[in-house]
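The following exercises concern a single protein model. Each task is followed by a solution in steps.

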Amino acid sequence: MTKRGRFITLEGGEGVGKSTNMQFVVAWLEAQGIEVVATREPGGTPRAEAIRQLLLDPAPDEWLHTDAELLLMFAARAQHLAEKIIPALDRGAWVVCDRFTDATYAYQGGGRGIPVERIEALEAFVQKGLTPDLTLLLDMPPGAAKQRLESRLRDQHTTRDRFEQEQTAFFQAVRDAYLARAAQSPERFALINADQSLAAVQSDIRDTLAGRSTLWH
């Protein structure tokens, strides 16, 4: 019988370095001989990526109701789970995902002010008890993260998406919600100080993975 794979997520606000450090996590796990499926949310499959475009579209004349935003997040997640995440875990692969449901609690719960009970109900309906085995929370003050984001946008010659256009107060609420989630589930979360050099961040991530992965084999 194939041993079920493990599910690792990377979380954090805009500009904390999730994409760069996700590549590091995938490479480290692969170096241990582990099959890894790298993915992201919202998105990860063609239909879920189409929903992602709706969610991130910054068009100022197209208002999106917060309830619609929440439901779209879970619609994309349902497709992602059914088509990609669960099949990968079932065959023994490890899944590494750039954001998952903790982001919904942080952005739609903390940032938008949607009651936690609504998110919990959708989580139970869509995920049926599935949660990550390890969540790496990349944390830094919103002001410092904003500077990194602006630098990245300049370097990549891209514009802000609908969430990146939010104000500092929104991102402070997102950060507070993330930290509250981490405090509630310290056995799952690893809090990583992202406001340091990339080498230091990745050293902390490597130590976390090494410490946790010995328990998973």
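**Exercise 1. Charges over rings**

Over the ring of which residue does the charged end of Arg-77 sit?

*Solution.* The model is a predicted one. In it, the ring below the charged end of Arg-77 is that of Phe-74, and the distance to the ring centre is 4.8 Å. Another such arrangement involves Arg-181, which lies over the face of Tyr-105 at 3.8 Å from the ring centre.

**Exercise 2. Aromatic pairs**

Determine how many aromatic pairs the whole structure holds, and describe the one formed by Phe-7 and Phe-100.

*Solution.* 
Step 1. Phe-7 and Phe-100 have ring centres 5.0 Å apart and planes at 75°. Edge-to-face pairs require an angle over 60 degrees, and the pair of Phe-7 and Phe-100 is accordingly classed as edge-to-face.
Step 2. Phe-7 belongs to strand E1 (residues 7-11), whereas Phe-100 is in the loop between strand E3 (94-98) and helix H4 (101-111); the pair therefore ties together parts 93 residues apart in sequence.
Step 3. The cut-off for burial is a relative accessible area under 20%. Phe-7 counts as buried because its relative accessibility is 1%, and Phe-100 is buried with a relative accessible area of 1%.
Step 4. Ring pairs also join Tyr-107, Phe-170 and Phe-171 into a cluster.

**Exercise 3. The position of Ala-88**

Is Ala-88 buried or exposed, and which residues is Ala-88 in contact with beyond its neighbours within four places in sequence?

*Solution.* 
Step 1. Ala-88 is part of helix H3 (residues 66-90).
Step 2. Its relative accessibility is 1%, so Ala-88 counts as buried.
Step 3. With neighbours within four places in sequence left aside, the contacts of Ala-88 are Val-37, Ala-93 and Val-95.
Step 4. Between Ala-88 and Val-36, 52 residues apart in sequence, the C-alpha to C-alpha distance is 8.7 Å.

Notes: Residues numbered from 1 in each chain as written. Predicted model: local features only at pLDDT ≥ 70, side-chain atom pairs only at ≥ 80, totals over all residues. Heavy atoms only, no water. Helix = DSSP H or I, 4+ residues; strand = E, 2+ residues; numbered from the N terminus. Buried < 20%, exposed > 50% of the residue type's maximum accessible area, 1.4 Å probe, protein only. Contact = heavy atoms within 4.5 Å. Phe/Tyr/Trp six-rings, centres within 6.5 Å; stacked < 30°, edge-to-face > 60°. Lys NZ or Arg CZ within 6 Å of the ring centre and 35° of its normal.
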